[in-house]
Amino acid sequence: MFVDWTKVSIKSGNGGKGCVAFRREKHVPKGGPSGGDGGQGGDVILKVDPNLFTLKDLKYHKSYKAKNGGPGQGARKRGLDAESIIIKVPPGTVIIDEETNQVLADLTEQTSSVIIVAGGKGGHGNATFATSTNRAPRYCELGIPGEEKHLIFELKVISDVGLVGFPNAGKSTLISKISAAKPKIADYPFTTLTPNLGIVKYGSYRSFVMADIPGLIEGAHQGKGLGHRFLRHLERTRVLVFIIDISSDDIIEQYQTLNSELEQHSPMFKIKPRLIVLSKADLTTEMPELSIPDIDIISISAINGDGLELLIKKIVQILESNA
Ligand SMILES: Nc1nc2c(ncn2[C@@H]2O[C@H](COP(=O)(O)OP(=O)(O)OP(=O)(O)O)[C@@H](O)[C@H]2O)c(=O)[nH]1
Ligand SMILES: [Mg+2]
């Protein structure tokens, strides 16, 4: 199951309480203060796991609580520091504070990690407070309490290239031909229900990541169909590839409709480099004469492979010139 949004509560551990104690040894009738400090409460840490692709695990585990630091002990012994809790998230996870709506972290790098709430510091034991005027203090500090937060985890998948198209246009077929992704393909709309990522290899060692999302329909930005839920997964892409069935009545109008859905979702799409791909070219012998300023239009057939090499070449050109 693909989960790209969930709420999670987290709490870091309290610092351990300091200790009040005095040295008790043979031949030392009035030993000095010896209460140790409390240990540090556990942190809650978020860490990217590049092998994850969904927030599914978090959906079933709604709250995470780190342990409290141990209390200080006699003989100046410090309480145990509590272990941190590490929550693994897929690359591209955005962490939002539910109360303030503030973005607290955006974990895009393959290795990034962040302490989202730090454990409380332990309190000092009475040994710390001994002075020349008060040699036997009978007080200590409590630990600092841990911090609690209610968070929203939102995944925006990380991919270089995003496929945009109406349902049934052939997006999933394309990604299945040029990458190892094996999405479901069928001759009806809304076959794809959640995003698929595929790694497209080119040259000897190079690759880019392509995202196939559910098809868009007019009104998607207002919630029609399924696509709007997934538009945010295109936000981080560097190239948009519009896939339009070559036998469509008005290809330019289809492009404009798709484009306007994207722009109404977010104006950031206006400046994204793009390509238009006419799919299912094997089904027609009439090649439409089209042109749109500054946008390359190429035709492909994912079924017989025509145009796929050129498509990859064009995508790479755009990626490299916008690196
Ligand atoms: N003849 C021909 N059929 C194709 C080609 N590409 C895709 N199809 C067919 O078009 C239908 C839809 O393909 P999909 O890849 O599932 O389309 P999609 O855009 O992913 O559709 P949604 O997931 O519903 O948005 C399937 O029956 C495919 O076999 C092509 O190049 N030539
Ligand atoms: Mg599909």
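Me: What volume does the largest pocket have?

Reply: First, a word on the model: it is predicted, so local features need pLDDT of at least 70 and side-chain atom pairs count only at pLDDT 80 or more, while totals for chains, interfaces and linings use all residues. Residues are numbered from 1 along each chain as its sequence is written, chains are lettered from A and ligands numbered from 1 in the order in which they are written, and side-chain values use heavy atoms, with hydrogens and water left out.

Reply: On a 1 Å grid over the protein atoms alone, a pocket is an open set of points where a 1.4 Å probe fits, with protein on both sides within 12 Å along at least five of seven lines; lining residues have an atom within 4 Å of a point. A volume is the space filled by probe spheres set on the points, which are joined across faces, edges and corners. Here, the largest pocket has about 380 Å³.

Me: Which residues lie nearest the centre of the largest pocket?

Reply: Of its 25 lining residues, those are Asn168, Gly170, Thr173, Ile185 and Lys280.

Me: Which polar backbone atoms does ligand 1 come up against?

Reply: A polar contact is a pair of N or O atoms within 3.5 Å. An oxygen atom of ligand 1 lies 2.9 Å from a polar backbone atom of Asn168, and one is 3.1 Å from a polar backbone atom of Ala169.

Me: And what volume does the second largest pocket have?

Reply: About 310 Å³. Its lining has 14 residues, with Pro91, Gln110, Ile158, Leu197 and Val209 nearest the centre.

Definitions and conventions:
A polar contact is a pair of N or O atoms within 3.5 Å; within protein, one must be able to donate a hydrogen and the other to accept it, and residues adjacent in sequence count only if both atoms are side-chain atoms.
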